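Please look over the sequence and the model shown here before reading on.

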Amino acid sequence: NPFLSGLSLPWLSAAPQLPEFGGVGILGLTGGDMTATYAIENNFVVDNIVGLAGIEFLGANATYSVLDNVFFDNAIGTALIAIDGAVLDFTIERNLYWGGLLSELVNPFLPAGVTMPYTDLMGIFVGSFSLGGTPSAVTGTIADNWIYDHLIGIGTLAAGPNATLDLTIDYNELSGSGLGVLSSIPAGDIATFLAANPGLVGALGALGIPPVAVLISDNYGLAGIASGSIFGAQTTLTITDNALDYFALSA
């Protein structure tokens, strides 16, 4: 991977018990009748709840170019959102998203003997929300990114009768992590639960989900690409040529 050559990341092997972290690494905020163009390129964004947050609302028009960045240890790497009348167009390409902050924050509060593997919540999130009924529109491309060690690789959500979301998701490499935390549960307890719920086992199998023991032992994430469209919203996704590994649900 070209992003990894020459990087010196000593905290990978010596993370503090309670790491310092920020709220938002880079914030784009566009409201009212404003028009904005953001070029986010060649940055190293580390240890934030959200690495890059773009929030457009109430008639704003914004364009984002997110290229060649490293997002490292951010609970959510990039979140772009349009709300009530906003129009958002974006390109997210050739970025590295590597998780870890979520596990660092959670582990000190887990019971003794329970450890969450190195992971974060989500690499990329895109949302279109028409909460007050005013149309919101999001169009964009997510391509050629590396997204490692997240519960969810790419997530999208459109909500509201006048919300639209039109995305192309191409040629990304995604690998999940996080469900290994369940390895702390005694295997006998899991077997007892599954034996008592044969309908659940059958439903999981019908969805193509690997056996629970495999999800745990191989430390899968939840979903590679997860999309939701609720309350009359319209979502169009074109998903091609992505590599998705170690997720309970690939897409």
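## Basis of the model

This is a predicted model, in which local features need pLDDT of at least 70 and side-chain atom pairs count only at pLDDT 80 or more, while totals for chains, interfaces and linings use all residues. Residues are numbered from 1 along each chain as its sequence is written, and side-chain values use heavy atoms, with hydrogens and water left out.

The pLDDT, which is the predictor's confidence in each residue from 0 to 100, has a mean of 86 over the protein chain, and 79% of the residues reach 70 or more. Over residues 1–16, however, the pLDDT is below 50, although this stretch has 21 contacts in the model beyond near neighbours in sequence. Where pLDDT is low, the predicted coordinates should not be read in detail.

## The chain as a whole

The secondary structure of the protein chain comes to 4 helices and 16 strands, where helices (H or I, at least four residues) and strands (E, at least two) are DSSP runs numbered from the N terminus. Of the 251 residues, 45% count as buried, a term that means under 20% relative accessible area, with exposed meaning over 50% and partly exposed lying in between (1.4 Å probe, protein chains only).

## Strands and their partners

An open sheet of 6 strands has the order S2-S4-S6-S9-S11-S14, with parallel pairing; two strands pair if DSSP finds at least two bridges between them. Strand S2 (35–41) and strand S14 (234–240) stand at the edges with a single partner strand each, so one side of each is left without a neighbour in the sheet. Within this sheet, S4 and S6 run parallel and are joined by 7 bridges, and Leu67 stands opposite Glu93 in S6.

Other strands are paired as well. Strand S12 (residues 173–176) runs parallel to strand S10 (residues 146–159), with 4 bridges between them, and the bridge partner of Tyr148 in S12 is Ser175. S12 is also joined by 3 bridges to strand S15 (residues 243–245), again in parallel, and here Glu173 stands opposite Ala243.

## Salt bridges and a buried asparagine

The count comes to 2 salt bridges, a salt bridge being a side-chain nitrogen of Lys or Arg within 4 Å of a carboxyl oxygen of Asp or Glu. One of them joins Asp68 and Arg94 at 2.9 Å, N to O, and this pair links distant parts of the chain, 26 residues apart, with Asp68 in the loop between strands S4 and S5 and Arg94 in the loop between strands S6 and S7. Asp68 counts as partly exposed at 24% relative accessibility, and Arg94 is partly exposed at 35%.

Asn48 is found in strand S3 (residues 44–57) and counts as buried because its relative accessibility is 8%. Not counting residues up to four places away in sequence, Asn48 touches Gly22, Gly23, Val24, Gly25, Asp73, Asn74, Ala75 and Leu101.

How values were computed: Contact = heavy atoms within 4.5 Å.
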